[in-house]
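Hi everyone, thanks for making time. Let me put the structure up on the screen, and then we can walk through it together.

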Amino acid sequence: MRKLVLGLWLCSLLPVWGQSGDFKKLDFLIGKWAGAARVLRGPGEPVEMIQTEEAQYKLDGLVLLIEGIGRAKSDSKPALQALGMITYDDLSETYRFRAFNDGRFLETELKLVDGGKAIAWGFTFGQIKTSSVLRINAKGEWTELGEITIGSQAPRKFMELVVSRQNMQP
């Protein structure tokens, strides 16, 4: 307990930097979004869902929190619940992404791509490799495409998402 109190006290002595200018490059995600998604959940047909996404800054802009909920079109039961946290490390000038869903988590680097109009991330675990790209298309929709590669197989889509902004934030 003493270490925790000492650590919090030491943190309070650090200068308050606020939100990094580079972190503000993710402002295009802020808001509430709704639309449709398809997720491949193992062998068989993908699950068709009604998808919502909410992205907001927390801790005075030090963390971007994204919560996604997908409800199966067939019965409206939750089929996907995910929570992601994006942070920016000023020292290494990198974005870090930690995401949670279905009792698992992913921690990886996130990159700005397409001239800062999209973000990309992925991971490799043994023979499995994933890559995901989130962008705002010409219609202003948040689109997301996730692909998986297993061994020498060709990449397959495991997630497609298209949602529209539900409020008038950026």
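This is a predicted model: local features need pLDDT of at least 70, side-chain atom pairs count only at pLDDT 80 or more; totals for chains, interfaces and linings use all residues.

Residues are numbered from 1 along each chain as its sequence is written, and side-chain values use heavy atoms, leaving out hydrogens and water.

So, the fold. The protein chain has one helix and 10 strands; these are DSSP runs, H or I of at least four residues for helices and E of at least two for strands, numbered from the N terminus.

Now the core. A nonpolar core is a set of buried Ala, Val, Leu, Ile, Met, Phe, Trp, Tyr and Cys residues joined through side-chain atoms within 4.5 Å, and buried means under 20% relative accessible area, with a 1.4 Å probe and protein chains only. The largest one has 29 residues, and L26, L29, L64, I86, I119 and W142 have the most contacts inside it. Strand β4 (78-89) is one of the elements giving two or more residues to this core, and with four residues β4 gives the most.

What does L26 touch, leaving out residues up to four places away in sequence? Its partners are Y57, L64, I86, Y95, L112 and I119, where contact means heavy atoms within 4.5 Å.

How values were computed. Buried means under 20% relative accessible area, exposed over 50%, partly exposed in between (1.4 Å probe, protein chains only).
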